[in-house]
2 protein chains.
Amino acid sequence: MKAFLARRSGMHGPAVALCACLCLCAPAAGGGERASDPAAYKAAAESLRVSGLRSEGAFELLRMITSVGPRLTGSAQAAAAVELARQMMDDMGMANVRMEPVTVGRWDRGAPEEARIVASGLRGTIPIAVCALGGSIGTPEMGLSAPAVEVKSFEELDRLGDRVKGKIVFYNRPMDRSLADPFAAYGGAADQRVRGAAEAARLGAVAVLVRSLTLRVDDHPHTGFITYRADVPEIPAAALSTAGADLLDGLLRREPAVTVFLRMNCRRLGPAPSANVMGEIPGSDRPGEIILVGGHLDSWDLATGAHDDGAGCAASLEALRLIRESGLRPKRTIRAVFFMDEEFGGTGGRFYADAPGRKGEHHLAAIESDRGGFLPLGVAAGGADGALLGKIRGWMPLLEPLGLTTLSRGGGGVDIAPLVGRGTVPVSILLNAQTYFDVHHSALDVLSSVNPRELELLAVSVATLAYLLAQEGP
Amino acid sequence: MKAFLARRSGMHGPAVALCACLCLCAPAAGGGERASDPAAYKAAAESLRVSGLRSEGAFELLRMITSVGPRLTGSAQAAAAVELARQMMDDMGMANVRMEPVTVGRWDRGAPEEARIVASGLRGTIPIAVCALGGSIGTPEMGLSAPAVEVKSFEELDRLGDRVKGKIVFYNRPMDRSLADPFAAYGGAADQRVRGAAEAARLGAVAVLVRSLTLRVDDHPHTGFITYRADVPEIPAAALSTAGADLLDGLLRREPAVTVFLRMNCRRLGPAPSANVMGEIPGSDRPGEIILVGGHLDSWDLATGAHDDGAGCAASLEALRLIRESGLRPKRTIRAVFFMDEEFGGTGGRFYADAPGRKGEHHLAAIESDRGGFLPLGVAAGGADGALLGKIRGWMPLLEPLGLTTLSRGGGGVDIAPLVGRGTVPVSILLNAQTYFDVHHSALDVLSSVNPRELELLAVSVATLAYLLAQEGP
């Protein structure tokens, strides 16, 4: 690891000399442009693109991050990732590298889950692939068995009313394949996972099985966060693979009496200390004005979270590396933040916004990357008056060579939401999402599912936008 | 296979009744719109998108095509693919399904190639992964050994002059990673493969090794077509994997005396009969005016040619299926053509343009899909006056929901080039090409490298554009 980092930051000398390097000995590529100098910006954008695409730097950073293993919030591996991230930023010569404390919840999956279908027409039982949903309570130690009842919506659940009592509710509304945008399809089905347990418990269900949120039909269950309600009992909640869901659905159509056995010994544990990790390139003119780039360091526990969200962290840090390597001197500070605990509701984002370190800082814009390491397609930006959208429209000639051809109103994310609530303008790189949910929150979200070149294009896109924002403001 | 096809074409009844079905009993989705009726076009586009994305129809067609195995021009498998394609089109109820004869060359790879590096500093030898380039002659039966000499360009080769005599020329100019467009990077390096043998033979070289044309560094050699010159001897030409090229380059830097052993028993054989395969939806108003959609059925012999170009064939045929299933009645004929022999220079395209069947037909526009089955990003269109570009600009609200957001002048391909030379307007769907060359012409170009949903988006894009062209003309 050291060798790689040293090689990459070598042109600027030792890490501690970063500030001095940026001020005194930065190469000329784009370092001296005046505000709104089109030729200098063109040279800067080109330098970022060429440096980035010649290497697979972001992928190398991702390799390091995923080498820790799964990084579930509050786990020992998440703690190791925090320390590794600090070291990586230090070794790359980033300035003001630090960890800011975050108190996070903990949840432990325990032993591998067991689930089986028992149907009256079957001689034996059929194992099905499930995983506990994040935050779920476990079953009794010996597991539980109950008849399954299938619904596609909460309306259907309500119509069943009392008949749900004592049953396992099986939510089986698939993501709508016909929507071209997979995030829209996800958004249209995720309520079953997030609120399914609480809604079913309200009617006396003993557990819920939720069809995994993916467009593929395979044997991998996809986990994710759930919420319970204070006024109804907590019941166990598990995701069922799509192949398992289709199987259960088929059996329930043939014979109504289908029993499911489920055993999970997951549990919630007390709070634990953790941290957000950050490093930066200090602004030469206005160091108190921040352009934030970041992702979340925590992942689910079923895989190494390569797309979600190792990719966002790697692309953000690589963006800073490319800006430095290109000898650019941003006027405003560009800060990379690896947030902790996006997956369980965004604790890290809230701690970041409220931390004492924010005093005297003004976060102008924030680019959160949390949609995987896929091909960049465009830019979305927020802000009350849409002024930034107009500015970015003017920058499109610098962004189009990267494949960023669409521009829309929007942007944001869980980790930067508290900042956005206080006036920071959110900016997002729009990515190809066609295969994101194939791996999302499942055992498939591993390094080999990331294409190094597409990830690098994301990093170059983040670098280019962050640099322009640092020079011109949002 | 039958079951799948029957199910898919079931709504229109038996295959032979296609014409009648289209005229008499087509459902109403978009069947009755007037020219330039925006609401009807919107409904038609939506119907194509929803039908397409709900299924993985193009992938199922691709599964059938690749089930034949590699489909090298002139091979028994290519002949089997021709027959399968005819059956597929028949079973799907396409009209005027037929094969048109093409006389193709044949080339046979023979036994697996052998290649080894022998360097004076090595105790033994190092095997390297090579494959004969398409059309190459073989080595002597026992192989040949000669010192290797590395060049990055023909200029460098010319400077070496006589020193090349009796040597194996090793072309090692990589694709330029810093170019965001991989096709541009490919175009900048492919001369080594295409002309390398002829240029080296001119100076007395005994064979050439060419660095594989891919952005990845791995052990897979990538083949492709070469051209010899009539005025210089033919010498054996092989592609070397990028990992092998880096290894050989490293050895040559350390010690100039590096010998390579190469044995290949590939050979050219006499011409063979083959065919283009086609089927269509006849135009309701102007059946003699054709909108062609197509790809090439032949592939290289190292894999099943899933991206190159099973995907183009599958997407083209799926486009016709979707148009039929949506009950649309194109005014002009939409024809799917599976061309034979793109890889060895486009024989099929030339035979198609010259075939007796073209009499009385007027090919208005042609959409050739030969850049894999990747995410569609935009449209390119040609034509002398750019009139079609303006028209397509007006159609963008129908295309943008598919992710087709860019529009540029261009389009075309090897198979439709003869038609374009006679006035047919070329149209291309622009695709994400970042990973195309990872698999292109190598053993990696197999079904599992294709994403069903991205391929389906290509099919829906072809269907939508072809339908609009059939209604409005180019």
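**Entry 1: a pair within one helix**

I began with Glu60(A) and Arg63(A), which both sit in helix 4 (residues 57–67) of chain A, 3 residues apart, or about one turn of the helix; helices (H or I, at least four residues) and strands (E, at least two) are DSSP runs numbered from the N terminus. I noted that this is a predicted model, in which local features need pLDDT of at least 70 and side-chain atom pairs count only at pLDDT 80 or more, while totals for chains, interfaces and linings use all residues. Residues are numbered from 1 along each chain as its sequence is written, chains are lettered from A and ligands numbered from 1 in the order in which they are written, and side-chain values use heavy atoms, with hydrogens and water left out.

I then looked up the contact itself: Glu60(A) and Arg63(A) form a salt bridge, their closest N and O atoms being 3.4 Å apart, where the term means a side-chain nitrogen of Lys or Arg within 4 Å of a carboxyl oxygen of Asp or Glu. Side chains of opposite charge can pair when their charged atoms come close. Glu60(A) has 23% relative accessibility and counts as partly exposed, and Arg63(A), at 39%, counts as partly exposed too; buried means under 20% relative accessible area, exposed over 50%, and partly exposed in between (1.4 Å probe, protein chains only).

**Entry 2: pairs across the sequence**

I next found a salt bridge between Arg211(A) and Asp246(A), with the closest N and O atoms 2.9 Å apart. Arg211(A) belongs to strand 7 (residues 207–211) of chain A and Asp246(A) to helix 9 (residues 242–254) of chain A, so this pair ties together parts that are 35 residues apart in sequence. Arg211(A) is buried at 8% relative accessibility, whereas Asp246(A), at 35%, is partly exposed.

Arg422(B) lies in the loop between helix 13 (417–420) and strand 16 (425–431) of chain B, and Asp354(B) lies in helix 11 (residues 347–354) of chain B, 68 residues apart. Both Arg422(B) and Asp354(B) are exposed.

I also recorded one network, in which salt bridges that share partners join Arg98(A), Glu100(A), Glu280(A), Arg335(A), Arg358(A) and Glu361(A). Over all chains, the structure holds 64 salt bridges.

**Entry 3: a sheet in chain B**

I finished with an open sheet of 8 strands in chain B, which has mixed pairing and the order 3-2-9-5-6-7-8-4; two strands pair if DSSP finds at least two bridges between them. Strand 5 (residues 144–151) and strand 9 (residues 258–263) of chain B run antiparallel and are joined by 4 bridges.
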